[in-house]
Amino acid sequence: LNAEGVGDLLKKDISKRLQVYVDAADAFFERARLDQHYTYSFLRGIEGALKDHPDIARNTSWDGILSLAESIMKSGEAAAFDRSKRERNFHAWLADWDAVHSGLADVIRGLLSEKDGRLPLDFQRYRDRIRVVLGYLLAHPDPSPADEQLETAKHKIKSPGDADYRVGDPFTSAINSVRGRAFQVLVMFADQDGKRFKGEELVKISKDLKELYEDVLGKENTRAIMFMFGHYLPNFYFRDKEWILGLSPRIFPSEGAAKQLYTAAWEGYLANNLYGAMFFDPEIQKLYMRGLPLTDADYPEQKHFRDPDSGIAVHLSLAFMHYKEFGFDQPLFKAFWNRADPNLHAEFINFLGRSFVSGNSASANEVLKKDPESKERLRRLWDWLLEKNKDSNLFVKFGFWVNLKKEIFEPTWLAERVKSTLVKTNGVLDWDRGLAESIGQLAAAAPRDSLEIARLYLLEGAVRGDGHKRYFFLDSEWGGALETLHSNRETKPATVALINELIREGGSAFWGFKKIIETKPEA
């Protein structure tokens, strides 16, 4: 057996005799004599037992693991561990000391992870010892600024179609680093520690935890960990709002040398959920205002975990649907639509269409069900944009808005808006499945508008335009709609003319429509 094989045997045996191994934990760290791969394998075995055997873990005394963690900490504080990476050879992969520290962070994460509402350990008993070890891990040199420079980065990516490599996104870099993993454990620690505060208390975070947070923030110099500060901002905001807002200038530092740290924290914040009580805080509103003008030029050559334009558009679209206070006259709403960035606006419209109109999101459907005004907000927004906006690229994104299934729009109303939208795009939509499914009902309810929809979409968009060359109109829905329009005295002549034009200019793809105009009237 090589070292990797022995490590695998060790990990399997730990789950069978967990308490025995925990009691002997110190034997698995002898820096001068025992290869670190075995320390790493031991920690992985403990982590696996915590995950796979929660009942056994809850009946285990964890002093041995804390003793091991403290031994590693004291050794590292006395003399820095060798951080050279050990590459896989033909025989085995051997863990380095960074991997050992990541494994230690993951074990602490397991100790703080609830299963069925319970922890594997008595948190208050081990609380202070865990916090000290956590402080040690949060001071670890992994990651470093060199990891975020293309020439020296440990992780590089090259997407299909890209000519050059880029540094990986900050979140992936963070969770694959010691300090990033430890930061996630810090969030879990704050959650457990916060349970001792009463619900009516305004501050629900301990002084020593604040000091640790501020100490890490004051020393941080990587985009990866600044992403984590932004991403987990709500977890600390709701524990002490005044304190975290006071730290906001350090989490989102001003322009200059710290700009890349700011954009990382901002990207991390936008990759989070939206919280109404936080969103409307004047200081948080200022962050959105500050983030609005950012462009790709403000970010380094690094892959995004979440594109910031998409992130801010999603946040504001959710706010528009969830909160009536975020309406057309709200300053941030107006600033968003006044920004000259059609891609940003298109993300807003596309998200609303995908999530609320055509999508199956349970949370979005709940909003539509509980708040009747939310449907009215969608209708008002479409009319408002038709009146105020001239950007055809924006209206192309309304394909996901053409849907009657959720009864957000009435057929006659929808037909008029679809017609007006196609006028702006010259017959182009980036997704037409909803239109195809709705056109039959539209034709029956609003024949004149539906005839114009057919002309714009089939003739101007498909045949004469370059927006879509796949002939979706061959679907039975379009044939049925044209039959309905042909059977209507008011729209029959124009329907015949349209079908003739489609056949003449579009060729064989439209021959199937001949049968509609060749149908003899009943005697």
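Visitor: What do the side chains of D309 and R339 meet in?
Guide: D309 and R339 meet in a salt bridge, at 3.7 Å from N to O. The term stands for a side-chain nitrogen of Lys or Arg within 4 Å of a carboxyl oxygen of Asp or Glu.

Visitor: Where do D309 and R339 lie?
Guide: D309 is in helix α18 (residues 308-322), and R339 is in the loop between α19 (331-338) and α20 (342-357), so the pair ties together parts 30 residues apart in sequence. Helices (H or I, at least four residues) and strands (E, at least two) are DSSP runs numbered from the N terminus.

Visitor: Is R339 buried or exposed?
Guide: R339 is buried, with a relative accessible area of 14%. Buried means under 20% relative accessible area, exposed means over 50%, and partly exposed is in between, with a 1.4 Å probe and protein chains only.

Visitor: Before I go on, what sort of model is this?
Guide: The model is predicted; local features need pLDDT of at least 70, side-chain atom pairs count only at pLDDT 80 or more, and totals for chains, interfaces and linings use all residues. Residues are numbered from 1 along each chain as its sequence is written, and side-chain values use heavy atoms, with hydrogens and water left out.

Visitor: How many salt bridges does the structure hold?
Guide: The structure holds 46. One of them joins R127 to D208, with the closest N and O atoms 2.6 Å apart. That pair links distant parts of the chain, since R127 is in helix α7 (residues 123-137) and D208 is in helix α10 (residues 207-219), 81 residues apart.

Visitor: And the accessibility of those two?
Guide: R127 is buried at 6% relative accessible area, whereas D208 is partly exposed at 22%.

Visitor: Which residues are linked with R127 in a network of salt bridges?
Guide: The network links R127 with D128, R131, D193, R196 and D208.

Visitor: Which residue does K219 form a salt bridge with?
Guide: K219 pairs with D215, the closest N and O atoms being 3.4 Å apart. Both residues lie in helix α10, four residues apart, about one turn of the helix. An α-helix has 3.6 residues a turn, so residues three or four places apart point the same way. K219 counts as exposed at 60% relative accessibility, and D215 is partly exposed at 39%.

Visitor: Back to α7. Where is its kink centred?
Guide: The kink in α7 is centred on R129 and is about 35 degrees. The bend at a residue is the angle between axes fitted to the seven residues ending there and the seven starting there.

Visitor: What does α7 pack against?
Guide: Its buried residues pack against α5 (63-78), α6 (97-111), α9 and α10. Among the buried residues of α7 are F123, Y126, I130 and L137.

Visitor: Next, T60. Where is it?
Guide: T60 sits in the loop between α4 (54-58) and α5. T60 counts as buried, at 10% relative accessibility. A polar atom of its side chain is 2.8 Å from the backbone oxygen of I56.

Visitor: What is T60 in contact with, leaving aside neighbours within four places in sequence?
Guide: T60 is in contact with L18, Q19, V22 and P120; contact means heavy atoms within 4.5 Å.

Visitor: How many residues does the largest nonpolar core have?
Guide: The largest nonpolar core has 159 residues, and F42, W62, W266, Y288 and F348 have the most contacts inside it. Helix α9 (residues 178-193) gives the most to this core, with nine residues. Such a core is a set of buried Ala, Val, Leu, Ile, Met, Phe, Trp, Tyr and Cys residues joined through side-chain atoms within 4.5 Å.

Visitor: What does W266 touch?
Guide: Not counting residues up to four places away in sequence, W266 touches F252, L287, Y288, G291, L294, Y299 and I312.

Visitor: Last topic, the overall fold. How many helices and strands are there?
Guide: The protein has 29 helices and two strands. Its radius of gyration is 30 Å, well over the 24 Å that the globule rule gives for 523 residues, so the protein is more spread out than a compact globule. The radius is taken over C-alpha atoms, and the rule is 2.2 Å times the number of residues to the power 0.38. Along the principal axes, the C-alpha atoms fill a box of roughly 100 × 55 × 45 Å.

Key: Polar contact = N/O pair within 3.5 Å; in protein donor to acceptor, adjacent residues only side chain to side chain.
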